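Please look over the sequence and structure shown here before reading on. The briefing below is grouped by topic and is meant for someone meeting this structure for the first time.

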Amino acid sequence: MKDEVQRVYSTLLTRVHRKPRALSTDKLPVLVGAADLPVYKRDRSSAPTVFCNGGLHFHALVLVPHSSRLKESLADHFDRNSELYAGSGRSIRRIDVRPVAEDHGRVVDYVLKAVLNGRLSYDEAMLVLPRAHSKLVQRA
């Protein structure tokens, strides 16, 4: 799952900056994400009968710098270019992007809920990007 989130992030990088490897990491988009497991609410009959990865999914906060090639919101970019990131032939079925305008603390708690509730350990759940240039893996 983390590999797929890294693939999405890498794809986004080249849409935000023409040559992301030439920039310092503080000029790149920041992704702070955490894996999560499904939690059934009141109506368990609405739950899917088959889960990919046991229902494991990812929540993330993405911060895009002002000096970006994107001329639209991140949500609009993902909507217009969904085939680059998810769907047929990809391991990720769907990406839901929403802007966060208020109640930031609540959103951060929601993203990190599996870690905060002890359902997943920090090491297995968390993903923070970008990594230092020395830790970035060259992809063919």
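In this predicted model, Leu-129 touches Gln-6, Tyr-9, Pro-29, Val-30 and Leu-31, when residues up to four places away in sequence are not counted. Leu-129 also belongs to the largest nonpolar core, which is made up of twelve residues in all.

**Nonpolar cores**

- Besides Leu-129, the largest nonpolar core includes Val-5, Tyr-9, Leu-13, Leu-31, Phe-58 and Leu-127 among its twelve residues.
- At least two residues of this core come from each of α1 (2-16), β1 (30-36) and β3 (126-129), and α1 gives the most, with three residues.
- Another core, of nine residues, lies apart from this one and has Leu-12, Val-16, Tyr-85 and Ile-92 among its members.

**Glu-4 in helix α1**

- Glu-4 lies in helix α1, and because its relative accessibility is 18%, Glu-4 counts as buried.
- When neighbours within four places in sequence are left aside, Glu-4 is in contact with Ser-91 and Ile-92.
- Although Glu-4 and Ile-92 are 88 residues apart along the chain, their C-alpha atoms are separated by 7.1 Å.
- The side chain of Glu-4 also makes a polar contact with the side chain of Arg-7, at 3.0 Å.

**Confidence of the prediction**

- The protein chain has an average pLDDT of 87, and 86% of the residues score at least 70.
- Among the elements of the protein chain, the highest mean pLDDT (97) belongs to helix α2 (residues 74-80), and the lowest (94) to helix α3 (residues 82-85).
- Where pLDDT is low, the predicted coordinates should not be read in detail.

Methods
Residues numbered from 1 in each chain as written. Predicted model: local features only at pLDDT ≥ 70, side-chain atom pairs only at ≥ 80, totals over all residues. Heavy atoms only, no water. Core = buried A, V, L, I, M, F, W, Y, C linked by side-chain atoms within 4.5 Å. Buried < 20%, exposed > 50% of the residue type's maximum accessible area, 1.4 Å probe, protein only. Helix = DSSP H or I, 4+ residues; strand = E, 2+ residues; numbered from the N terminus. Contact = heavy atoms within 4.5 Å. pLDDT = per-residue confidence, 0-100. Polar contact = N/O pair within 3.5 Å; in protein donor to acceptor, adjacent residues only side chain to side chain.
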